[in-house]
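Welcome to this briefing. Have the sequence and the 3D view open as you read, and take the topics one at a time.

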Amino acid sequence: MGEVLVLNATYEPLSVVSVKRAVVLLLKEKAELVEAAEARLRSENLTLPVPLVIRLVYFVKIPRRISLPVTRRGVLSRDNYTCQYCGIMPHRKALTVDHVLPRSRGGKTTWENVVTACEKCNGKKGSRTPAEANMVLREQPRRPRYIAIAALSSIEARQAWSKYMWD
Ligand SMILES: [Zn+2]
């Protein structure tokens, strides 16, 4: 069974729950269906579309932002396994994690300072900044709200979620 993205009443991503939990929230009318898969859930007395994204009817106050550790897997997933300099999508093993501001220059391992780079681009850039190496980032690196998307295997769910995943 898949996972369902739960949005706050304000449409901000809040958490990820199981399909079973999402169905309970929908049946109790605590949430409404925002995105559904084409597949349907069937039980003795009801048929429901499989939820992909639901939205809580009532606003839930979020105490603080959840911090996500920076991992190779997370960075590659965030960047869609694409080199952020030249745009190629080589085999995953040929991808590296590049510090935009090099570590030797005080660059930190934060979501905002690491990007996916192919071996060639990483080697070319070396210990320079993109500007010094005359290389352009395709996208400014950002902190993902929910890395759980990395664990999703279903392309349908990824697409449905992606609209809500970024700040
Ligand atoms: Zn490259």
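Helices and strands here are DSSP runs numbered from the N terminus, a helix having at least four residues and a strand at least two. Ala9, for instance, is found in the loop between β1 and β2. Please keep in mind that this is a predicted model.

**The chain as a whole**

- The chain has four helices and six strands.
- Read from the N terminus, its elements follow the order β-β-α-β-β-α-β-β-α-α.
- Of the chain's 167 residues, 44% count as buried.
- The accessible surface comes to about 10100 Å², and 53% of this belongs to carbon and sulfur atoms.
- Taking contacts between residues at least 6 apart in sequence, 58% of them join residues at least 24 apart.

**Strand β1 and its partners**

- Strand β1 covers residues 3-7, and four of its five residues are buried.
- On one hand, β1 pairs with strand β2 (residues 13-18) in the antiparallel sense, over five bridges.
- Within this pairing, Leu5 stands opposite Val16 of β2.
- The two strands form a hairpin with five residues between them, and Tyr11 in the turn has a positive phi of about 75°.
- On the other hand, β1 runs parallel to strand β4 (residues 47-56), to which three bridges join it.
- Two examples let you trace the link to β4: Val6 has Ile54 as its bridge partner, and Leu7 has Arg55.

- Is Ala9 buried or exposed? Its relative accessible area is 15%, which is under the 20% cut-off, so Ala9 counts as buried.
- Which residues does Ala9 touch, leaving aside its neighbours within four places in sequence? Ala9 is in contact with Arg55, Leu56, Val57, Tyr58 and Phe59.
- Ala9 and Lys61 are 52 residues apart in sequence, while their C-alpha atoms are 10.0 Å apart in space.

- A hairpin of four residues connects β3 to β4.
- Arg55 of β4 is the bridge partner of Glu32.

**Salt bridges**

- The side chains of Arg55 and Glu32 meet in a salt bridge, at 2.8 Å from N to O. Arg55 lies in β4 and Glu32 in β3 (residues 31-42), so the pair ties together parts that are 23 residues apart in sequence.
- Arg55 is buried, with a relative accessible area of 18%, whereas Glu32 counts as partly exposed at 34%.
- Asp98 forms a salt bridge with Lys125, and the closest N and O atoms are 3.2 Å apart. This pair links distant parts of the chain, with Asp98 in strand β5 (residues 95-99) and Lys125 in helix α3 (residues 119-125), 27 residues apart.
- Asp98 is buried at 3% relative accessibility, and Lys125 is buried at 1%.
- Arg78 and Asp79 form another salt bridge, with 2.9 Å between the closest N and O atoms. Both Arg78 and Asp79 are buried.

**Aromatic rings**

- The count of aromatic pairs comes to zero.
- A charge does sit over a ring, however: Arg92 lies over the face of Tyr81, at 3.7 Å from the ring centre.

**Thr129, in a loop between helices**

- Where does Thr129 lie? Thr129 is in the loop between α3 and α4 (155-162).
- Thr129 is buried, with a relative accessible area of 16%.
- Leaving aside its neighbours within four places in sequence, Thr129 is in contact with Val100, Leu101, Pro102 and Arg105.

Notes:
Residues numbered from 1 in each chain as written. Predicted model: local features only at pLDDT ≥ 70, side-chain atom pairs only at ≥ 80, totals over all residues. Heavy atoms only, no water. Buried < 20%, exposed > 50% of the residue type's maximum accessible area, 1.4 Å probe, protein only. Pairing = 2+ DSSP bridges. Contact = heavy atoms within 4.5 Å. Phe/Tyr/Trp six-rings, centres within 6.5 Å; stacked < 30°, edge-to-face > 60°. Lys NZ or Arg CZ within 6 Å of the ring centre and 35° of its normal. Areas by Shrake-Rupley, 256 points an atom, 1.4 Å probe, with all protein chains shown as cover. Salt bridge = Lys/Arg side-chain N within 4 Å of Asp/Glu carboxyl O.
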